[in-house]
Amino acid sequence: MRKLILLVAIVATTFSCGNDGSSAGIKILPDSAGPVNKIAIVVDNELWKNTVGETIRNVMAQSIDGLPQPEPIFSLNQIPTQVFTGFAKQSRSILKVEQGEASFKIERDVHARPQKIVTVSGKDIAEIKAQITNNADNIVEALKAEEIRYKQMQMSKSLSGTKDIQESLGLKVKFPSYYRVTNTVAKPEDKFHWIKRDIQTGYTNVLFYELPLKAIKKDDSLVSQIIKIRDSIGKKYIAGPVDGSYMATEMAYAPHVYETIIDNKPTIEVKGLWDVKNQFMSGPFIMYLIEDKVNNRYVVAEGFAYAPSVSKRNYVFELESIIKSIRIN
């Protein structure tokens, strides 16, 4: 009996709360906060007002490729260093700029969860600006990845069933229940799937289908190949409001093409504008061609939005978050 009492006492001591309210050895963090794509910039007022602030804005508020009007990749909220306390520390995505030894570091879940803090420092203004400029891509990539992670967590609270897509294309994808499946335009053997969300001013959509690997040659004609493919898909499945009209690539603006990774697979990323010929309808699209060598194919996912007269950044961001959840069986 004495041994049992001693064991209970040891366990109770091991898991008892410390003065900070956390269990011994376990740090309990509050939930992070903040709107999607809003970044807390922790920097002294003097630096924010001079060329350091200008450099930060050039990196963090640069325009997004593929949107019809200029929109910044992030919205910024400057917080002076001396007031970065309490609730301010619970911001989800943070860029801290400090004076000191030149350094660049990325930390996760420091003051809240989920959270990512990127810290840049330098001994003077010139060195701070150099650190920001030299690490610009890493800063944007790290904070955007955190925002996508958060968006995917939010969407996962109420997911739609994807059995048909899984069985047809051999992949898993997470999208929220407010998207509806629109497959009446395709036959089962087409392996073409279309999900759609109605929004206040229009709608957002994601298309899923596959192509043989030989359908794409990575050479100087890559852009024209992609345009030809997506226009053929638009003509076959995405009809416009009048007979004979369909969604096609807006040719006045050449699509932007990049290389990226989805599900640990090489992926072609395309951003551009679509329109409906002879109709006043257009908007942005993002397209991903995921190289699935095991199955000798590309898995293609394209998101497009129709949202006239309003900001489109967060709509396209949601489409990107859905597509980047794809996992191929």
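Tutor: Two strands are said to pair if DSSP finds at least two bridges between them, and helices (H or I, at least four residues) and strands (E, at least two) are DSSP runs numbered from the N terminus. This is a predicted model, in which local features need pLDDT of at least 70 and side-chain atom pairs count only at pLDDT 80 or more, while totals for chains, interfaces and linings use all residues. Residues are numbered from 1 along each chain as its sequence is written, and side-chain values use heavy atoms, with hydrogens and water left out.

Student: OK, which residue stands opposite Pro212 in β14?
Tutor: Pro212 stands opposite Arg297 there, and Tyr209 has Val300 of β14 as its bridge partner. The two strands, β9 and β14 (residues 297–306), pair in the antiparallel sense over ten bridges.

Student: And what joins β8 to β9?
Tutor: A hairpin with two residues joins them; β8 (residues 193–199) and β9 run antiparallel, with seven bridges, and His193 is placed opposite Phe208 of β9.

Student: Which strand pairs with β14 over eight bridges?
Tutor: That is β13, again in the antiparallel sense, with Glu291 opposite Tyr298 of β14. The hairpin of β13 and β14 has four residues between the strands, and among them Asn296 takes a positive phi near 55°.

Student: Why is β14 described as largely enclosed?
Tutor: Because ten of its ten residues are buried, where buried means under 20% relative accessible area, exposed over 50% and partly exposed in between, with a 1.4 Å probe and protein chains only. Both faces of β14 are covered, with Arg297, Val299, Ala301, Gly303 and Ala305 on one side and Tyr298, Val300, Glu302, Phe304 and Tyr306 on the other. Strand β9 (residues 202–212) is also largely enclosed by the rest of the structure, since nine of its eleven residues are buried.

Student: Switching to pockets, what volume does the largest one have?
Tutor: About 1,000 Å³, and of the 34 residues that line this pocket, the closest to its centre are Lys144, Glu269, Lys271, Glu320 and Lys324. On a 1 Å grid over the protein atoms alone, a cavity is a set of points where a 1.4 Å probe fits but cannot get out, whereas a pocket is an open set with protein on both sides within 12 Å along at least five of seven lines, and lining residues have an atom within 4 Å of a point. Grid points are joined across faces, edges and corners, and a volume is the space filled by probe spheres set on the points.

Student: Which element gives the largest share of that lining?
Tutor: α5 does, with eight residues, and α8 is one of the elements that supply at least two. Helix α8 (residues 313–323) is itself mostly covered, with nine of its eleven residues buried, including Glu320.

Student: What about the second largest pocket?
Tutor: Its volume is about 190 Å³, and of its 15 lining residues the closest to the centre are Ala33, Gly34, Ala40, Asn77 and Ser91. The largest share of this lining, three residues, comes from β1.

Student: Last one: is Arg92 buried or exposed?
Tutor: Arg92 counts as buried, because its relative accessibility is 2%, and this residue is found in the loop between β2 and β3 (93–99). A polar atom of the Arg92 side chain lies 2.9 Å from the backbone oxygen of Gly34, and a polar atom of that side chain lies 3.0 Å from the backbone oxygen of Pro35.

Terms used
A polar contact is a pair of N or O atoms within 3.5 Å; within protein, one must be able to donate a hydrogen and the other to accept it, and residues adjacent in sequence count only if both atoms are side-chain atoms.
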